[in-house]
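Could you walk me through this structure, one topic after another?

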Amino acid sequence: MEYCKVFLKPKKEESLLRFHPWVFSGAIQAIEGDPAEGDVVEVYGADHRFLATGHYQIGNIAVRVLSFTPRVIDEAFWTERVQTAYALRKTLRLAGVEGNDTFRLVHGEGDNLPGLVIDMYAHTAVMQAHSVGMHYARHAIAHALRTVMGDASRNIYYKSETTLPFKANLEDENGYLYGGENEEIATENGLRFYVDWQKGQKTGFFVDQRENRGLLERYAPGRSVLNMFCYTGGFSFYAMRGGAKLVHSVDSSAKAIALTRKNVELNFPGDPRHEAYAEDAFKFLREMGDKYDLIILDPPAFAKHKNVLRNALQGYRKLNAIAFEKIRPGGILFTFSCSQVVSKEQFRLAVFSAAAQSGRSVRILHQLTQPADHPVNIYHPEGEYLKGLVLYVE
Ligand code: SAH
């Protein structure tokens with residue numbers, strides 16, 4: 001198959017030679033042929049040396065690299081990439097094991113598949129395309145999933161309505177590509193939860209907090225826990241299994257709170273230790289008093305773009321300042337940022353300012369990040385997005 005050719009300006013091949021998987025539009029000198037958005041193209045240096053094969057897109061990131069060697073992007077390609085991703089999750093003891101059927105199968109650049117995310121919930125794969133190329137490849141990818149996983153991915157739900165570039169003007173349909181069984185309960189580390197991939201946020205659950213929830217469980221015995229920004233209650237059921245005295249879950253979304261209640265009931269029927277509140281975080285935090293000695297703050301990304309970074313850092317500072325002010329002496333704070341544009345250092349600085357404002361003695365116990373099923377491609381450090389600190393507050 002002949003692909004259109006993208007030629008770079010002189011000296012713009014550097015990042016590709018270091019395996020960074022993006023070509024920015026400003027680096028392009030000329031294009032041979034007339035590629036449509038989403039087409040596979042080949043990238044060449046100014047000296048006409050082959051550099052990469054990838055998906056073409058109109059916008060700042062013009063090419064997302066699929067391969068650094070010449071190759072046809074066909075069924076064999078998708079099958080090989082999905083196979084590699086699945087094998088890694090088995091190595092990680094997340095797939096094909098007792099007690100866990102929730103994991104990220106494909107994490108974009110981290111799995112050498114830029115623009116593609118696939119999360120597994122029991123036998124359902126929820127697939128999200130973030131690029132036009134992946135949107136067009138969705139049926140081929142679904143087919144590869146079936147080939148590699150067989151019955152383990154018997155339902156494949158495609159959900160890209162909110163993740164595809166708006167201007168691409170695609171029919172961004174959500175729906176099943178295979179199966180359609182309404183299997184709604186998945187298991188994470190032995191805890192069960194309902195997941196609503198059709199109407200829920202992201203792919204339906206925040207798979208990236210699995211290990212951090214596990215760590216929280218260890219700190220839970222005897223503590224009064226506030227799970228702020230709880231979504232469907234992930235941290236709450238770990239806290240309960242860990243032996244917390246009480247657990248209060250808060251989220252501004254009434255739908256998330258309804259699902260949190262259902263999830264707690266599923267794991268701990270009739271347990272009076274849990275209560276859930278559909279309320280705004282800042283309002284709740286200001287009015288809550290000093291009853292908690294274990295607080296989780298896992299807000300949505302405050303900054304989705306670089307130009308709102310300052311406001312985001314202010315937001316993290318303010319949020320954490322209230323927690324430092326209110327948490328009981330000897331309290332433990334789990335605080336997170338999932339904004340990709342906020343670096344680990346910037347986040348730490350925001351939390352540091354909040355601590356200083358409260359005047360309390362604060363020590364860092366753990367520095368947290370995303371789990372191994374959200375791998376960071378070493379050539380694409382931008383893939384590291386989740387940051388967390390566990391703090392001991394005297
Ligand atoms: N900790 C969760 C994921 C949190 S996602 C988990 O482990 O699954 C962020 C959540 O913050 C979303 O559920 C969103 O509804 C909620 N949220 C956004 N703005 C909020 C606000 N102002 N007050 C309370 N919750 C808010």
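This is a predicted model: local features need pLDDT of at least 70, side-chain atom pairs count only at pLDDT 80 or more; totals for chains, interfaces and linings use all residues.

Strands here are DSSP runs (E, at least two residues), just as helices are runs of H or I with at least four residues, and both are numbered from the N terminus. Two strands count as paired if DSSP finds at least two bridges between them.

- Strands β14 (residues 224–228) and β15 (residues 246–251) run parallel and are joined by 5 bridges. Asn227, for example, has Ser249 in β15 as its bridge partner.

**The ligand and its surroundings**
- The ligand is surrounded by 15 residues, and the closest are Arg213, Asp251, Asp280, Ala281 and Asp298. A residue counts as near if one of its heavy atoms lies within 4 Å.
- By class, this shell holds 7 nonpolar, 3 polar and 5 charged residues. Ala, Val, Leu, Ile, Met, Phe, Trp, Tyr, Cys and Pro count as nonpolar, Asp, Glu, Lys and Arg as charged, and the others, Gly among them, as polar.
- The side chain of Asp251 has an N or O atom 2.7 Å from an oxygen atom of the ligand.
- A nitrogen atom of the ligand lies 2.8 Å from a polar side-chain atom of Asp280.
- From Phe229, a backbone N or O atom lies 3.0 Å from a nitrogen atom of the ligand.

**The sheet of 5 strands**
- Another open sheet, with 5 strands in the order β7-β8-β9-β10-β11, also has mixed pairing. Its edge strands are β7 (102–107) and β11 (175–178), each pairing on one side only.
- From one strand to the next, the twist averages 25 degrees.
- β7 pairs with β8 (residues 116–121) in the antiparallel sense over 5 bridges, and Asp119 in β8 is the bridge partner of Arg104.
- Helix α4 (residues 138–149) lies across β7, β8, β9 (124–129), β10 (155–158) and β11, at about 50 degrees to β11.

**A hairpin**
- β12 (residues 185–188) and β13 (residues 191–194) pair in the antiparallel sense over 4 bridges.
- These two strands form a hairpin with 2 residues between them, and Asn189 in the turn has a positive phi of about 45 degrees.

**Reading notes**
- Residues are numbered from 1 along each chain as its sequence is written, and side-chain values use heavy atoms, leaving out hydrogens and water.
- Local features need pLDDT of at least 70 and side-chain atom pairs count only at pLDDT 80 or more, while totals for chains, interfaces and linings use all residues.

How values were computed. A polar contact is a pair of N or O atoms within 3.5 Å; within protein, one must be able to donate a hydrogen and the other to accept it, and residues adjacent in sequence count only if both atoms are side-chain atoms. Axes are lines fitted to C-alpha atoms, for helices over the stretch in contact, and angles run from 0 to 180 degrees between N-to-C directions. Contact means heavy atoms within 4.5 Å.
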